[in-house]
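Hi everyone, thanks for coming. Let's have a look at this one together and walk through a few of its features.

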Amino acid sequence: MLIATGVLSYPDAGPERSLRDLDPARLARAFAVNAIGPALLFKHFAPLLSRYERSVAATLSARVGSIGDNRLGGWHGYRASKAALNQLVRTASVELSRTRPGCVCVAVHPGTVDTPLSAPFAKAGLAVRPPAEAAARLLDLTDRLAPADTGRFLDVDGREILW
Ligand SMILES: NC(=O)c1ccc[n+]([C@@H]2O[C@H](COP(=O)([O-])OP(=O)(O)OC[C@H]3O[C@@H](n4cnc5c(N)ncnc54)[C@H](OP(=O)(O)O)[C@@H]3O)[C@@H](O)[C@H]2O)c1
């Protein structure tokens, strides 16, 4: 299972740059798509994972969802909803390790990928990968992970990211 939904900007607004931009409806939208949607995918698809064989439940999170790594601020709703997503993935991993001990349940930062989500924020000097390459690296990572890795927050090279 690979969960790849997410939203950063909306047709009527980009991510918040400052506290001044906070808006309840926009915050709720970020949480609905980035955290609640994936949580419901876990609810409905986790029962389909094998009880005994190795399985993978990888969710695309984002490094900016890291609280420990947050030095720039901004993007309040995206950061906070990805942090909530990380907690939901971690909580799911604890439960799945009991009911499906072969499951590898992780949150993964895919790197910066050339998609409609990142396009408005492209800047010179940033390593941006084509989607096909990013997907191949992601699958390479998930192939290498073992059940002992469950519950981790990793970049696509398998390096730990601070929660
Ligand atoms: N691109 C990057 O540089 C980057 C960096 C870090 C993390 N990520 C994460 O990687 C994941 C994939 O992003 P992406 O770059 O591939 O972005 P994308 O091309 O914009 O894809 C986002 C996906 O989320 C779905 N989605 C958005 N709003 C939805 C809604 N309300 N209901 C159901 N589905 C919805 C979209 O479905 P439709 O196609 O039907 O609209 C699309 O499949 C996201 O979780 C993102 O946060 C991306």
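Let me start with a term: I call a residue buried if 20 or more other C-beta atoms, placed from the backbone, lie within 10 Å of its own, exposed if 12 or fewer, and partly exposed in between. Please keep in mind that this is a predicted model: local features need pLDDT of at least 70, side-chain atom pairs count only at pLDDT 80 or more, and totals for chains, interfaces and linings use all residues. Residue numbers start from 1 along each chain as its sequence is written.

Seven of the seven residues in S3 are buried. On one side these are Cys103, Cys105, Ala107 and His109, and on the other Val104, Val106 and Val108, so to speak a strand covered on both faces.

What does S3 pair with? Strands pair if DSSP finds at least two bridges between them. Strand S2, residues 55–60, runs parallel to S3 and is joined to it by six bridges, with Ala57 partnering Cys105. From S2 the chain passes through helix H2, residues 76–99, to S3 in a right-handed β-α-β crossover, that is, clockwise from the first strand over the helix to the second with the strands pointing away from the viewer. S3 also pairs in the parallel sense with strand S4, residues 153–155, over three bridges, and there Val108 stands opposite Leu154.

One last stop: Trp75, in the loop between S2 and H2, has a positive phi, near 50°. Most residues other than glycine have a negative phi.

Technical notes:
Helices (H or I, at least four residues) and strands (E, at least two) are DSSP runs, numbered from the N terminus.
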